[in-house]
Number of protein chains: 2
Amino acid sequence: MQRTFKLTIAYEGTRYSGWQVQPGEATIQGALQEALSAVSNEPVSVIGSGRTDAGVHAIGQVVSCRLNFSGDPERLSLALNTKLPEDIVVRDSEVIQDDFHAIRDAARKRYRYQLQVGGVSSPFQRRYRWRLRKSISVNRMCEAAKYIVGEKDFASFQATGAERKTTIRTVYACDVFEQSYLESSEGVSVAIEIEANGFLYNMVRNIVGSLVEVGSGKQKPEWIQSILDAKDRSIAGPTAPPHGLFLLRVDYPDH
Amino acid sequence: MQRTFKLTIAYEGTRYSGWQVQPGEATIQGALQEALSAVSNEPVSVIGSGRTDAGVHAIGQVVSCRLNFSGDPERLSLALNTKLPEDIVVRDSEVIQDDFHAIRDAARKRYRYQLQVGGVSSPFQRRYRWRLRKSISVNRMCEAAKYIVGEKDFASFQATGAERKTTIRTVYACDVFEQSYLESSEGVSVAIEIEANGFLYNMVRNIVGSLVEVGSGKQKPEWIQSILDAKDRSIAGPTAPPHGLFLLRVDYPDH
């Protein structure tokens with residue numbers, strides 16, 4: 001008998017061509033579907049809360065799927081983790097109402113973007129941080145980040161060629177903070193966390209690229225407001241590279 | 001004109017067959033020598049402060065070499081880092097007296113061993129931590145660690161088949177402490193740092209394996225003393241796996 005499952009998964013995106021299945025490419029969705037099909041002896045499709053790009057990581061991606069698995073959900077996690085490659089881990093499995101849908105029902109998402117500012121390149125951080133050679137002002141970035149919070153039109157932060165019906169989103173938080181590091185030679189670690197009711201394509205990476213322009217002194221904090229006002233992608237800063245980005249959490253208040 | 005250089009390097013040992021050059025194998029020493037030879041247009045040999053095993057990492061390995069390089073040492077670091085693979089980084093280069101020798105002159109070394117206790121497997125920690133499924137007592141391990149400190153005969157913690165002339169070493173510190181983690185699902189992070197005037201082969205990993213036996217409750221803290229007294233490898237706990245081990249620092253008080 002098929003039941004609907006909600007899985008919470010973590011992955012290191014480094015060696016994948018992103019979330020979505022593509023023929024001949026290693027993808028997160030493809031690896032998950034393969035493991036699920038092996039466990040349940042039937043072809044299984046999964047729906048992720050959203051696609052992540054090549055190189056982007058997840059700590060709390062959520063997927064829904066329908067599955068022939070009669071055991072305890074915890075045993076499903078164990079079974080999947082023995083089949084999955086080491087860089088994808090099922091953190092939690094639960095049985096959920098049949099009408100649960102990982103995209104449609106997602107109310108909020110939180111992303112983190114990690115920077116390494118200064119210091120030498122680190123063999124241990126290279127996959128997880130965008131390294132900036134010059135110093136940046138976290139205070140200036142905090143000031144700039146305030147313009148991002150609220151219900152706004154984020155058209156200027158949307159990748160061209162991936163337009164959505166509406167470009168209005170509500171950002172609940174845009175926090176910039178220093179993290180501590182074990183090794184001093186690795187410079188200063190800065191993280192930017194953004195939580196919203198939805199994100200446009202490349203929105204986090206485009207916001208981060210613009211905040212860095214402010215942090216480095218090339219632009220003033222108020223510049224962020226003028227980007228929003230322009231509703232034009234070409235006005236904003238460059239897109240930050242994918243490997244600093246983590247999907248932290250997806251919230252489903254009704255599930 | 002040849003000068004003698006002291007290089008401080010970091011590496012992720014995951015994909016290497018250890019430090020020492022072996023035909024047909026990827027090694028840290030081999031990769032370094034290749035980069036140095038390319039920069040100076042001559043065959044270069046390097047001497048490391050000690051060998052690290054396959055899978056073991058370094059944050060502050062020190063090497064000495066003689067080289068035809070007339071520029072600023074900082075430019076040597078830059079030149080080497082453009083030639084080296086991403087998982088090996090030269091953190092610092094300096095010109096040093098010609099009689100400097102990275103093994104002979106090393107006065108102290110400090111290693112760190114990283115554990116993940118409980119929690120789910122993490123795609124981001126899997127290369128850098130030995131994951132223990134059951135909880136351990138850090139207090140008991142701290143108590144056990146006290147027996148390690150001092151000038152002692154560590155014959156019981158030496159890998160068989162790698163005997164040295166003398167098995168007496170002075171351990172200056174053996175610290176066990178909890179570290180904080182970003183993600184709560186990754187369990188508790190525990191680190192063990194050991195500093196000594198020298199180490200026998202596999203000594204850190206054998207001590208860690210024994211401390212974990214105490215932490216898990218299988219043995220009492222005093223058991224460590226009885227291992228030392230026995231001077232017999234077969235009495236001690238299992239050898240901890242290589243991927244949790246980091247060579248943190250090598251001290252040269254006269255250089």
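This note sets out numbered points on a predicted model with chains A and B, whose contacts are taken up below.

1. Relation of the copies. Chain A can be superposed on chain B with an RMSD of 0.0 Å, by a turn of 180° and a shift of 0.0 Å along the axis. The two copies are therefore related as by a two-fold rotation axis. In general terms, two copies of a chain are related by a rotation about an axis and a shift along it.

2. Contact between the chains. The interface brings 19 residues of chain A into contact with 19 residues of chain B. On the side of chain A that touches chain B, the elements giving two or more residues are β1 (2-11) and β4 (88-96) of chain A. The largest share, 3 residues, comes from β4(A). By residue class, that side of chain A divides into 9 nonpolar, 4 polar and 6 charged residues. Of the interface residues of chain A, 100% are also interface residues in chain B, so the copies meet through the same surface.

3. Domains of chain A. Chain A is divided into domain 1 (2-96) and domain 2 (108-251). The C-alpha centres of these two domains of chain A lie 27 Å apart. Between them, 15 residues of domain 1 of chain A are in contact with 10 residues of domain 2 of chain A. The domain 1 side of this contact in chain A consists of 5 nonpolar, 8 polar and 2 charged residues.

4. Strand β5 of chain A. Strand β5 (residues 108-117) of chain A is mostly covered, with 8 of its 10 residues buried. With strand β9 (residues 188-196) of chain A, β5(A) runs antiparallel and is joined by 9 bridges; here Tyr111(A) has Ile194(A) as its bridge partner. With strand β10 (residues 245-251) of chain A, β5(A) pairs in the antiparallel sense over 6 bridges, and Arg110(A) is partnered by Arg249(A). With strand β6 (residues 130-132) of chain A, the pairing of β5(A) is parallel, over 3 bridges, and Leu115(A) stands opposite Trp130(A). As a general point, side chains in a regular strand alternate between the two faces of the sheet.

5. Nonpolar cores. The largest nonpolar core has 67 residues, and those with the most contacts inside it are Ile9(B), Leu36(B), Val204(B) and Leu211(B). Helix α4 (residues 203-215) of chain B gives the most to this core, with 7 residues. The core draws at least three residues from each of domain 1 (2-96) and domain 2 (108-249) of chain B. Leaving out residues up to four places away in sequence, Leu211(B) touches Met141(B), Ala144(B), Ala145(B), Val176(B) and Ile192(B). A second, separate core comprises 66 residues and includes Leu7(A), Ile59(A), Val176(A) and Val208(A).

6. Val149 of chain A. Val149(A) lies in the loop between α3 (138-145) and β7 (150-153) of chain A. Is Val149(A) partly exposed or buried? Because 16 other C-beta atoms lie within 10 Å, Val149(A) is partly exposed; the buried class would require 20 or more. Apart from its neighbours within four places in sequence, Val149(A) is in contact with Val171(A), Ala173(A) and Cys174(A). The C-alpha atoms of Val149(A) and Lys6(A), 143 residues apart along the chain, are separated by 30 Å.

Key: Residues are numbered from 1 along each chain as its sequence is written. Chains are lettered from A and ligands numbered from 1 in the order in which they are written. This is a predicted model: local features need pLDDT of at least 70, side-chain atom pairs count only at pLDDT 80 or more; totals for chains, interfaces and linings use all residues. A residue is buried if 20 or more other C-beta atoms lie within 10 Å of its own, exposed if 12 or fewer, and partly exposed in between; C-beta atoms are placed from the backbone. Helices (H or I, at least four residues) and strands (E, at least two) are DSSP runs, numbered from the N terminus. Two strands pair if DSSP finds at least two bridges between them. Two residues are in contact if their C-beta atoms, placed from the backbone, lie within 7 Å. Ala, Val, Leu, Ile, Met, Phe, Trp, Tyr, Cys and Pro count as nonpolar, Asp, Glu, Lys and Arg as charged, and the others, Gly among them, as polar. Copies are superposed by least squares on the C-alpha atoms of residues with pLDDT of at least 70 in both. Domain bounds come from an automatic or database domain assignment. A nonpolar core is a set of buried Ala, Val, Leu, Ile, Met, Phe, Trp, Tyr and Cys residues joined through C-beta atoms within 7 Å.
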